[in-house]
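Subject: Structure handover and findings

Dear colleague,

Please find below the structure that I am handing over to you. My notes on it follow directly after.

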Amino acid sequence: MNSFSSVLLAALMMVGSSTDALSLAVPKKVIVSGAGGQTGQSLFRQMLAIPDEFQPLGLVRSEESKAALIESGDIPEDSVVVVDVTDADAVKAMTTGKDIDAFCICTSAKPAPTGETDEATGRPVFGFPNGDPEIVDYMGQKNQIDACPKGTHVVICSTMGGTDPDQMLNSLGRVVNEDGTTSGGNIVKWKRTAEVYLMDQKDLSYTIVHPGGLVNEPGSEREIVVGVDDSQDGTESRSIPREDVASVMLNAVRYPAKYAARSFDIRAKPVGDGTPTTNFELLLDTLDGKNSDYSLGETMLQK
Ligand SMILES: NC(=O)c1ccc[n+]([C@@H]2O[C@H](COP(=O)([O-])OP(=O)(O)OC[C@H]3O[C@@H](n4cnc5c(N)ncnc54)[C@H](OP(=O)(O)O)[C@@H]3O)[C@@H](O)[C@H]2O)c1
């Protein structure tokens, strides 16, 4: 190689490397909804801790949720926005004209005891004081999906249990009317309905995460087991720390080539059983391309 060629080669290599450095230096703009909630807050905090990679905006339901989040510490006030996701216009106004790489949905209706007791079973009756699943888990998620600009990667924190229409969680908040019909409840089915809606949006990409039972224990200490269709293969554990769920969601945004167009379950082995997961880029490889099968279970729109 003559000296001119080697100078040219060196210059081209410099251009190449500076372009890479430039692309690496642009943090992804991410909206995290449910940012005052447990999993959402963990994800929001994990992203805030890596400003070179992520520029998250946390969406919370009310001024009270915002105040509690700010008071909990280390959250810049201007990184939090108050939007009720059941208000389609408000969600749309928040995203209009914004450059968004990813939208992570961690909102959910929350069951709470109503104070009544079921006469037949003697068990406490549950309701959804802050909005029924149809409103929060279906319409609220649909509003968020509809507000995403073309090309946005939408990552949903949903739940396992979707293959079983009789899943116990569906009965929470469900009431039998005088004419024998039912209303309210069906939280898992409404979540699954929103998932199918997202997958139908050709201008967006998606990752749908179905965690097992959520526990508030430290993350990064367990081996995460991925699966599909509520399989119990790989571990007897049916749970996973919220921090680990948040890490999977963060890495879905980080590695879109690996996580886009994927829907899967996650659980975690007990601490000390297996090797704590560190390579999230390869996490889904054991699925051999399998995704959740939506012909199983029920959505509310099939009824
Ligand atoms: N609990 C489990 O064992 C389990 C298992 C598997 C999957 N999951 C699912 O995993 C997800 C995360 O669960 P989590 O327990 O970490 O959640 P969480 O703490 O209950 O957080 C839910 C968040 O949604 C927000 N929210 C509710 N309605 C809203 C609205 N209209 N507008 C804006 N924000 C709204 C809540 O805000 P406010 O607090 O201000 O109301 C809260 O911050 C949920 O989808 C849950 O169903 C749970």
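How many bridges join β7 to strand β10, and do the two run parallel or antiparallel? The number of bridges is 5, and β7 and β10 (residues 205-211) run parallel. Please bear in mind throughout that this is a predicted model.

Strand β7 and its partners

Within the pairing with β10, Cys-157 has Val-209 as its bridge partner. Strand β7 also pairs with strand β4 (residues 102-105), again in the parallel sense, over 4 bridges. Here Phe-103 stands opposite Val-154 of β7. Strand β7 (residues 153-157) has 5 of its 5 residues buried, so it is largely enclosed by the rest of the structure. In a regular strand the side chains alternate between the two faces of the sheet. In β7, His-153, Val-155 and Cys-157 point one way, while Val-154 and Ile-156 point the other way, and all are buried.

The nonpolar core

The largest nonpolar core holds 58 residues, and those touching the most other members are Val-32, Leu-43, Cys-104, Val-154, Val-209 and Met-249. Helix α7 (residues 242-254) contributes the largest share of this core, with 7 residues. If residues up to four places away in sequence are not counted, Cys-104 touches Val-30, Ile-31, Val-32, Leu-43, Val-155, Met-249 and Val-253.

Helix α7 is itself mostly covered, with 12 of its 13 residues buried. The buried residues include Arg-242, Glu-243 and Asp-244, as well as Met-249 and Val-253. From its first C-alpha to its last, α7 reaches 18 Å, which is close to the 18 Å expected at 1.5 Å a residue.

The ligand shell

The ligand is surrounded by 27 residues, of which Gly-37, Gln-38, Thr-39, Arg-61 and Ser-108 are the closest. At least two residues of the shell come from each of α2 (38-48), α5 (133-146) and β11 (213-215). Helix α2 gives the most, with 3 residues. Of the 11 residues of α2, 8 are buried, so the helix is largely enclosed by the rest of the structure. Among them are Thr-39 and Leu-43. Thr-39 is also one of the closest residues to the ligand, and Leu-43 is one of the core members that touch the most others.

Is strand β5 largely enclosed or largely in the open? The number of buried residues among the 6 of β5 (residues 112-117) is 0, so this strand lies largely in the open. Strand β5 is joined by 3 bridges to strand β6 (residues 124-127), and the two run antiparallel. In this pairing, Thr-117 has Pro-124 of β6 as its bridge partner. The two strands form a hairpin with 6 residues between them, and Gly-122 in the turn has a positive phi of about 75°.

Ser-171 lies in the loop between β7 and β8 (175-176). Ser-171 has 13 C-beta neighbours inside 10 Å and therefore counts as partly exposed.

With kind regards

Note on methods. Residues are numbered from 1 along each chain as its sequence is written. This is a predicted model: local features need pLDDT of at least 70, side-chain atom pairs count only at pLDDT 80 or more; totals for chains, interfaces and linings use all residues. A residue is near a molecule or strand if its C-beta atom, placed from the backbone, lies within 6 Å of it. A residue is buried if 20 or more other C-beta atoms lie within 10 Å of its own, exposed if 12 or fewer, and partly exposed in between; C-beta atoms are placed from the backbone. Two strands pair if DSSP finds at least two bridges between them. A nonpolar core is a set of buried Ala, Val, Leu, Ile, Met, Phe, Trp, Tyr and Cys residues joined through C-beta atoms within 7 Å. Two residues are in contact if their C-beta atoms, placed from the backbone, lie within 7 Å. The expected span of a helix is 1.5 Å times one less than its number of residues.
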